[in-house]
Amino acid sequence: MQKVFFLADSFGNQIITRNSIKLFLDKLSSASNKEIILDFNDIFFISRSCADEYIKWKIISSSKKNIIEINMNNEVRMMFKLVSLQYKRNLSLSA
């Protein structure tokens with residue numbers, strides 16, 4: 001069964017503190033749903049530290065939950081891309 005989470009309900013239009021995203025991700029981790037839809041509608045900004053927390057959580061949770069992101073604007077998408085590239089770069093340097 002899937003569950004939709006409207007991020008603006010929890011964060012307003014900005015996701016800016018590492019602590020707030022950690023608390024939210026703990027809530028998602030404890031959800032019994034195997035498929036989670038994260039609706040980014042009305043989220044206009046995510047800080048680099050929050051994007052980092054989210055990507056780490058998504059990597060860990062990917063084997064347990066199917067995470068679907070919808071309605072993500074370009075600024076948020078670019079922050080995720082920037083952080084993801086950092087992870088890829090660090091992996092290639094350690095290999």
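**A walk through the sheet and the core**

Visitor: How many bridges join β1 to β3?
Guide: This is a predicted model, where local features need pLDDT of at least 70, side-chain atom pairs count only at pLDDT 80 or more, and totals for chains, interfaces and linings use all residues. Residues are numbered from 1 along each chain as its sequence is written, and side-chain values use heavy atoms, leaving out hydrogens and water. Strands are DSSP runs (E, at least two residues), numbered from the N terminus, and two of them pair if DSSP finds at least two bridges between them. β1 and β3 run parallel, and the bridges joining them number five.

Visitor: Which residues have the most contacts inside the largest nonpolar core?
Guide: Such a core is a set of buried Ala, Val, Leu, Ile, Met, Phe, Trp, Tyr and Cys residues joined through side-chain atoms within 4.5 Å. Buried means under 20% relative accessible area (1.4 Å probe, protein chains only). The largest one here has 24 residues, and those with the most contacts inside it are Leu38 and Phe80.

Visitor: Which helix gives the most to this core?
Guide: Helices are DSSP runs too (H or I, at least four residues). Suppliers of at least two core residues each include α2 (18-30), α3 (48-61) and α4 (74-94). With five residues, the one that gives the most is α3.

How values were computed
Buried < 20%, exposed > 50% of the residue type's maximum accessible area, 1.4 Å probe, protein only.
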